[in-house]
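Here are a few notes on the aromatic contacts, for you to read beside the model.

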Amino acid sequence: MGVSTAASFGLAILCCLLVFSGLQMYKNQLGSTRLMTLVAGYIASWLFIFMITALNNLENIVFGKGFQARVIPEVVLCMVLACSAAGMVHRVSITVCFLCSLAGLYYINKMGQSSAAPVVPSVTGSKKKK
């Protein structure tokens with residue numbers, strides 16, 4: 001059971017703000033070692049996931065149900081913003097953020113296709129004897 005579109009939008013915006021502020025608050029610790037720069041990129045990829053969720057929910061509220069996020073304006077904008085946030089921590093985090101965001105986008109697309117797939121009823125042919 002999911003929440004409404006407006007509630008999902010609010011939760012996604014709140015998560016965006018929390019993740020971004022956490023990246024900025026712990027910028028020095030996240031950029032200190034190699035492992036932590038990878039962790040910062042992974043955390044920034046969650047920022048991408050929350051941003052694309054918030055943007056798609058906003059579009060559904062404004063334009064109506066069934067409006068889907070497109071690759072060029074929405075996904076690229078959210079990817080640039082998330083990678084910019086990762087770049088504020090460390091340069092290596094940009095690459096990790098990009099790769100993890102692509103993986104997340106793949107699985108979000110896969111989940112969306114499986115949940116929105118039309119149900120095709122199985123047709124059993126009944127033959128009449130003459």
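**Notes on the aromatic contacts**

1. Trp46 and Phe50 share helix α3 (residues 34–63), sitting 4 residues apart, about one turn of the helix; helices here are DSSP runs of H or I with at least four residues, numbered from the N terminus. Please keep in mind that this is a predicted model, where local features need pLDDT of at least 70, side-chain atom pairs count only at pLDDT 80 or more, and totals for chains, interfaces and linings use all residues. Residues are numbered from 1 along each chain as its sequence is written, and side-chain values use heavy atoms, leaving out hydrogens and water.

2. Across the whole structure, a search finds 4 aromatic pairs. One of them is Trp46 with Phe50, a tilted pair at 5.8 Å centre to centre and 40° between the planes. Rings of Phe, Tyr and Trp (its six-membered ring) pair if their centres lie within 6.5 Å; planes under 30 degrees apart are stacked, over 60 edge-to-face, and the rest tilted.

3. How accessible is Trp46? Its relative accessible area is 38%, so Trp46 is partly exposed, and Phe50 is also partly exposed at 21%. The cut-offs are under 20% for buried and over 50% for exposed, with partly exposed in between (1.4 Å probe, protein chains only).

4. Tyr106 and Tyr107 make an edge-to-face pair, because their planes meet at 75° with ring centres 5.1 Å apart. Tyr106 is partly exposed, at 49% relative accessibility.

How values were computed:
Helices (H or I, at least four residues) and strands (E, at least two) are DSSP runs, numbered from the N terminus.
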